[in-house]
Amino acid sequence: KRLYFLINGKIKISEMDENGNEMIKDIILTGDLFGEVSLNSMSLSHEYAEILSSEVILCTFTMDEFEKLMEKHPLLALNFTKKMGDKLRKLEHRYANLVFKDVKARLVDFLKRWAVSEGKESEEGITIRNYLTHNEIASLISSSRQTVTTIINELKESGVLTYSRSKIV
């Protein structure tokens, strides 16, 4: 079991089911952590990571190494706890979206959160470098590619956003 800290870059964490269908679990950004953090040492996972940026720098530890580091450095343990709390809140938010929102509302919420975390202010408005396909966005919001494409086209036609393969405004 290893724990990874993403020092620079973007990584997609996905899982493959027994039928070969991909489910995107998370997009990891600079400063985030990921890896086997499960308390169940018997869990079998078909999870994998895919690089989404031109450069990725990782720092990795075995769980034993990381536990020893946290014992020696209580501030590290506190920051790790905060990161895990953030991840839990993010999962809770995704779950609540699934239960309480329709696909259009989930897509709009996803785009807003993406703009907050990665958007840059420009003359056109907040601009996001688009590195996700419609299929990947659909997987992240538990929808289908066709539905995401339809809703994005509706949002484009109504002037809510400008969408291309390279950027979203």
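**Entry 1: aromatic rings**

I began with the aromatic side chains and found that ring pairs link Phe-5, Phe-61, Phe-66 and Phe-80 into a cluster. I note here that the model is a predicted one. I then looked up the count of aromatic pairs for the structure, which is 7.

I took the pair of Phe-5 and Phe-66 next. The ring centres of Phe-5 and Phe-66 are 5.5 Å apart, and their planes stand at 50°. Planes under 30 degrees apart would count as stacked and those over 60 as edge-to-face, so the pair of Phe-5 and Phe-66 is tilted. I also asked which elements this pair links. Phe-5 lies in strand 1 (residues 2-8) and Phe-66 in helix 1 (residues 63-72). The two residues are 61 residues apart, and the pair thus links distant parts of the chain.

Phe-66 has another entry in my list, as it also forms an aromatic pair with Phe-61. For Phe-61 and Phe-66 I recorded 5.8 Å centre to centre and 45° between the planes, and this pair is tilted.

Are Phe-61 and Phe-66 buried or exposed? I found that both Phe-61 and Phe-66 are buried. For Phe-66 the relative accessible area is 1%. Buried means under 20%, so Phe-66 counts as buried.

**Entry 2: two helices**

I turned to helix 3 (residues 103-118) and helix 5 (residues 145-157), whose axes are 10 Å apart. The two helices pack at an angle of about 70°. Angles of 65 to 115 degrees count as roughly perpendicular, and therefore helix 3 is roughly perpendicular to helix 5.

Which residues make the contact? On helix 3 I listed Val-103, Lys-104, Leu-107, Val-108 and Leu-111. On helix 5 I listed Thr-147, Val-148, Ile-151, Ile-152, Glu-154 and Leu-155.

**Entry 3: an open sheet**

I then examined an open sheet of 3 strands, which has the order 3-2-5 and antiparallel pairing. As a reminder to myself, strands of a sheet pair through backbone hydrogen bonds, either parallel or antiparallel.

Which strands stand at the edges? They are strand 3 (22-29) and strand 5 (47-51). Each has a single partner strand, so one side of each is left without a neighbour in the sheet. The twist averages 25° from one strand to the next.

Last, I followed strand 2 (residues 10-16), which pairs with strand 5 in the antiparallel sense over 5 bridges. I looked up Lys-12 and found its bridge partner in strand 5 to be Glu-50.

Definitions and conventions. Residues are numbered from 1 along each chain as its sequence is written. This is a predicted model: local features need pLDDT of at least 70, side-chain atom pairs count only at pLDDT 80 or more; totals for chains, interfaces and linings use all residues. Side-chain values use heavy atoms; hydrogens and water are left out. Rings of Phe, Tyr and Trp (its six-membered ring) pair if their centres lie within 6.5 Å; planes under 30 degrees apart count as stacked, over 60 as edge-to-face and the rest as tilted. Helices (H or I, at least four residues) and strands (E, at least two) are DSSP runs, numbered from the N terminus. Buried means under 20% relative accessible area, exposed over 50%, partly exposed in between (1.4 Å probe, protein chains only). Axes are lines fitted to C-alpha atoms, for helices over the stretch in contact, and angles run from 0 to 180 degrees between N-to-C directions. Angles under 35 degrees count as roughly parallel, over 145 as roughly antiparallel, 65 to 115 as roughly perpendicular and the rest as oblique. Contact means heavy atoms within 4.5 Å. Two strands pair if DSSP finds at least two bridges between them.
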